[in-house]
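Dear colleague,

Here is the structure I promised to pass on to you. Please open it alongside this message, as my notes follow directly below.

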Amino acid sequence: MTNGVRNEVDIFMRGLIRRNPGEKEFHQAVREVVETLMPYVNEHRKYKDAQILERMTEPDRIIIFRVSWEDDKGNIRANRAWRVQFNNSIGPYKGGLRFHPSVTQSVLKFLGFEQVFKNSLTGLPMGGAKGGSNFNPKGKSEREVMRFCQSLMVELHRHIGEDTDVPAGDIGVGAREISYLFGFYKRLENRFTGILTGKGLAFGGSLVRTEATGYGCVYFCENMLKHRGDSLQGKTCLVSGSGNVAIYTVEKATQLGSKVLTMSDSGGFIHDPDGIDAEKLAFVKDLKEVRRGRIAEYTTKYPRASFHEKKRPWNVPGDIAFPCATQNELDLQDAEQLLANGVQAVCEGANMPTELDAVHALVDGKVLFGPAKAANAGGVAVSGLEQSQNALRLSWSREEVDLRLRTIMKDIHEKCISHGENGDGYVNYVRGANIAGFVKVADAMLAYGVV
Ligand code: NDP
C-alpha cells in the first residue's frame with residue numbers, strides 16, 4: 001500500500017469510527033475491505049463520485065428488539081435480538097442468525113457487511129444481512145431453546161419473507177433452532193414458504209446444505225492448490241472448531257486425501273497425530289451434534305490424542321490451516337508460528353477468524369490465503385439453491401447440489417484470480433474477493449441512482 005492510499009484509508013476510517021463508535025469488529029471488517037478497494041475506486045471515478053464506499057458501509061436498516069421468554073423454573077428472562085439488513089441491491093437480504101453471549105450490534109454489522117460481498121461472489125441474486133441474539137443456548141433445555149426461538153419469531157416474522165429477507169443458521173443456530181423458528185413462522189403467518197434456509201429435508205430443506213460451508217471451504221482450498229500445480233493429497237491439516245463448518249471441513253479434507261490433526265472448541269483443542277479419520281469423525285458428530293458434549297472427551301475414546309486446555313491449534317506443524325470456529329481466533333503470533341512451521345495455505349471457514357495484521361503477515365509471506373468471503377461462501381450458495389428449489393417446489397439430488405456447489409466454488413476462485421493476480425504470479429485472494437464482490441453490488445447501486 002502506498003503512503004497516499006494509507007492516508008486516504010485512515011481518513012475514511014476516522015469518519016467511519018466517528019459514526020460507529022465502539023464497534024471494533026465492524027471497524028476491522030471495513031478496514032480490511034477498504035484497504036484493498038481504495039486504489040480500485042480511485043482508478044474508477046464513477047464509484048468515487050457516487051460515494052459508493054460511504055454508502056456501502058451504512059446498513060439499509062437495523063431492527064433491534066427484546067425477546068422475553070420463561071425458563072424451566074418459571075423465571076422471566078429477557079434477551080436482545082437484532083436483524084441487520086445491510087444491502088439488498090442485487091437480491092433479497094440473506095444471511096445467518098447467531099445465538100451466542102458474545103453477540104453485539106458490532107459483531108452483526110461486521111458479519112452483515114461481509115455477507116454483502118460474499119453473496120455477490122456466489123453469482124446468485126442475494127443481498128447481505130445478519131442477525132441473532134445474545135442468548136446462550138449452552139446449558140439450556142430443549143424446551144427453553146424452543147420457547148426462546150418462538151418468542152424471537154414473534155417479532156422477526158414481520159421483517160422477513162421469501163422476497164424480502166431469508167435468514168439461515170450460524171453459530172448456535174443449527175437444524176434444531178431453524179426447525180423451531182420455521183414451525184412458529186408457519187403458525188404465525190399460515191404460509192408454508194421458504195423464509196428460512198437450513199430447513200429439515202422433510203419440510204423444504206436441501207441436500208448438502210448441512211455440509212456445504214465445510215465442503216465448499218475445502219473445494220476452494222483445492223482450487224487454490226491446483227492453481228499452483230498442487231493438491232490436497234497427502235497434506236496435513238489443522239482445523240479449529242468442532243461445529244457445523246469444522247466437522248464438514250474435516251470430512252471433505254479427509255475424503256480428498258489429507259490427514260486432519262486437530263479440532264477444538266472454546267475449552268481447548270485436541271491433537272491426534274494419527275489423523276481424524278471417518279470413524280473418529282462419526283464420534284465427534286455424535287458428541288457435538290447429538291450429545292452436545294465437549295471436545296476434550298475425544299481423548300477418552302482415542303487416548304493417543306492429546307487435549308490442550310484453553311489453547312489454539314496453530315502451533316502444531318501442518319501444511320494447511322482451516323480456522324473454522326469464530327472471529328479473531330488467529331492472531332499475528334499464530335501467523336508467525338504457522339509461517340515458521342512452513343504452512344502453505346490458510347483457508348478461512350469461519351468469518352474473519354484471522355486478525356488483520358496476521359492476514360498481512362500471511363499474504364506478505366506468499367502463503368495461499370483464502371479469505372472467508374470467498375472460502376466459506378459455499379454455505380450461503382447452497383442456501384440460495386435451497387431457495388431456488390423451494391420456489392420451484394422440487395428437490396435436487398445430492399449429486400446435483402454437490403456439483404453446483406463445486407462449480408460455484410470454482411467460479412468464485414476464478415473471479416478472485418481475475419482481480420487478485422500479482423505480476424509475480426502470486427494471487428492476493430483478499431484483494432481479488434473484495435473487488436470481485438464489490439463490482440456487482442456497486443454497479444447495481446449506480447444503476448439505481450441516488451437511493
Ligand atoms: P457452530 O455453533 O456449529 O460451531 C462453532 C464452533 O466454534 C464450536 O466448536 C464452538 O465451540 C467454537 N467457538 C465458538 N465461539 C468460540 C470462541 N469464542 N472461542 C473458541 N471457540 C469458539 O457454528 P458454525 O460451525 O456454524 O460457525 C463457525 C464459523 O463459521 C462462524 O464464524 C460462522 O459465522 C461461520 N460460518 C458458518 C456458516 C454455516 O453455514 N454454518 C456459513 C459461513 C460461515 P463451543 O461449542 O465451545 O462454543
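Is Cys221 buried or exposed? With a relative accessibility of 0%, Cys221 counts as buried, where buried means under 20% relative accessible area, exposed means over 50%, and partly exposed is in between (1.4 Å probe, protein chains only).

Before going further, please note that this is a predicted model, in which local features need pLDDT of at least 70 and side-chain atom pairs count only at pLDDT 80 or more, while totals for chains, interfaces and linings use all residues. Residues are numbered from 1 along each chain as its sequence is written, and side-chain values use heavy atoms, with hydrogens and water left out.

To stay with the cysteines, a disulfide is taken here as a pair of cysteine sulfur atoms within 2.5 Å, and by this rule the count is zero. The cysteine sulfur closest to that of Cys221 belongs to Cys347 and lies 4.6 Å away, which is too far for a bond. Cys347 is likewise in no disulfide, its nearest cysteine sulfur being that of Cys217, at 4.0 Å. Cys347 has a relative accessible area of 0% and is therefore buried.

Next comes a pair of helices, where helices (H or I, at least four residues) and strands (E, at least two) are DSSP runs numbered from the N terminus. Helix α2 (residues 24-43) and helix α17 (residues 429-448) have axes that come within 9 Å and cross at roughly 70°, the axes being lines fitted to C-alpha atoms over the stretch in contact, with angles running from 0 to 180 degrees between N-to-C directions. That angle makes α2 roughly perpendicular to α17, a term that covers 65 to 115 degrees. On the α2 side, the contact (heavy atoms within 4.5 Å) is made by Glu32, Val33, Thr36, Leu37, Tyr40 and Val41, and on the α17 side by Val430, Arg431, Asn434, Ile435, Phe438 and Val439.

Finally, two residues in loops may be worth a look on your screen. Asn190, although not a glycine, has a positive phi of about 55°; this residue lies in the loop between α7 (175-189) and α8 (209-227), and its relative accessibility of 69% makes Asn190 exposed. Lys310, not a glycine either, has a positive phi of about 55° and is found in the loop between β9 (306-309) and β10 (320-323), where its relative accessibility of 64% counts as exposed.

Definitions and conventions. Parallel < 35°, antiparallel > 145°, perpendicular 65-115°, else oblique.
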